[in-house]
Amino acid sequence: MARLFLVSLLFVLAFQARGQEDPALERRVMALAHELRCLVCQNQTIADSNAALAQDLRNQIREQLKAGKSERDVIDFMVARYGDFVLYRPPFKATTVALWTGPFVLLALGVWLLVRRVRKKAPAPELTEAERRRAAQLLE
Amino acid sequence: MRFWLVIAGFLALVALLAVGLRLDPREVPSPLIGKPAPAFELPLLEQPDKTFSEKDMLGKVWVMNVWASWCPPCLVEHPVVSELARSGIAPVVGLNYKDAREDALPWLKRNGDPFKVIAFDAAGRIAIDYGVYGVPETYVIDRKGIIRYKRVGPLTPEITQKKLRPLIEELAKGG
């Protein structure tokens with residue numbers, strides 16, 4: 001048991017050491033990985049996913065950054081292969097106008113309808129003498 | 001009147017959601033359609049000392065099928081791929097993805113080897129260039145080396161009949 005503990009401790013230390021090889025690079029890799037969708041498990045970024053492809057793509061990012069490529073280059077590399085879908089934050093362009101503006105358009109429409117409705121509500125009509133008497137009777 | 005407007009709005013929403021539910025989110029439109037097939041040179045699965053390059057196929061309409069022995073859907077589609085290759089309509093090239101020779105070769109022995117040639121992409125690098133994210137995937141590449149079609153997921157007899165074959169025939173005729 002103690003041996004097992006020691007071995008696992010060594011593993012943890014080894015992994016930490018590996019991560020610290022170049023912390024600045026690792027930070028850039030992870031920052032980029034958070035921007036990119038894992039296409040195997042589509043609701044995760046490749047930073048969160050442990051799918052084999054996500055690991056491969058993280059390695060790709062690391063290698064490209066190490067080779068001096070910029071963040072922009074890496075993103076372009078991914079989009080050229082997997083399309084805009086790989087971007088966790090979709091770009092604003094002709095095909096995504098509805099996606100980006102849709103919620104605001106709907107909100108504006110809702111506010112407009114609400115305002116119109118509130119304004120239009122006419123004041124309650126005056127009661128006739130007979131109605132007034134009947135109301136008083138009911139309230140007693 | 002107002003009541004019917006609300007009903008109409010509700011039905012429109014239901015229709016929108018119904019269409020949305022039917023779309024397959026796994027069908028990511030590939031940006032590679034209409035683009036030249038990424039260049040590569042890989043060793044052959046069966047003869048490690050020889051290599052295959054996409055340039056070897058220039059002048060032909062061909063099909064590239066990405067598969068692996070560890071991938072159950074690949075086994076499912078294998079009869080369809082085999083049938084397509086047997087029909088002789090176009091050469092089918094295999095791209096063996098992140099596999100090991102000692103797994104892939106017995107797999108072919110068990111299930112048959114319909115491929116004209118199989119490129120061995122052990123690291124999955126070339127597959128990344130082709131935007132592979134879910135094996136099996138199938139590409140149709142024209143005579144000039146342009147990718148004309150990509151299918152993610154297993155080929156079915158229906159897709160082969162309705163999409164692949166007509167496309168291959170059309171590409172073979174023209175140009």
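1. A crossing of two helices is called left-handed if the near helix is turned anticlockwise from the far one by less than a right angle, and right-handed if clockwise; by that criterion helix 2 of chain A and helix 3 of chain A cross in the right-handed sense. Helices (H or I, at least four residues) and strands (E, at least two) are DSSP runs, numbered from the N terminus.

2. This is a predicted model, in which local features need pLDDT of at least 70 and side-chain atom pairs count only at pLDDT 80 or more, while totals for chains, interfaces and linings use all residues. Residues are numbered from 1 along each chain as its sequence is written, and chains are lettered from A and ligands numbered from 1 in the order in which they are written.

3. The axes of helix 2 (residues 23–33) and helix 3 of chain A come within 9 Å and cross at roughly 130°, where axes are lines fitted to C-alpha atoms, for helices over the stretch in contact, and angles run from 0 to 180 degrees between N-to-C directions. Helix 2 of chain A is therefore oblique to helix 3 of chain A (under 35 degrees counts as roughly parallel, over 145 as roughly antiparallel, 65 to 115 as roughly perpendicular and the rest as oblique). Residues are in contact if their C-beta atoms, placed from the backbone, lie within 7 Å; helix 2 of chain A contributes Leu25(A), Arg28(A), Val29(A), Leu32(A) and Ala33(A), and helix 3 of chain A contributes Arg58(A), Ile61(A), Arg62(A), Leu65(A) and Lys66(A).

4. Helix 3 of chain A also packs against helix 4 of chain A, at an angle of about 140° with the axes 10 Å apart, and this pair, too, is oblique. Their crossing is right-handed, and the contact joins Ile61(A), Gln64(A) and Leu65(A) of helix 3 to Asp73(A), Val74(A) and Phe77(A) of helix 4.

5. Between the chains, 13 residues of chain A are in contact with 12 residues of chain B. On the chain A side, helix 3 (52–66) and helix 4 (71–82) each supply at least two of the residues that touch chain B.

6. In chain B, strand 4 (residues 92–97) has six of its six residues buried, so it is largely enclosed by the rest of the structure; buried means that 20 or more other C-beta atoms lie within 10 Å of a residue's own, against 12 or fewer for exposed and partly exposed in between, with C-beta atoms placed from the backbone. Val92(B), Gly94(B) and Asn96(B) are buried on one side, and Val93(B), Leu95(B) and Tyr97(B) on the other.

Conventions. Two residues are in contact if their C-beta atoms, placed from the backbone, lie within 7 Å.
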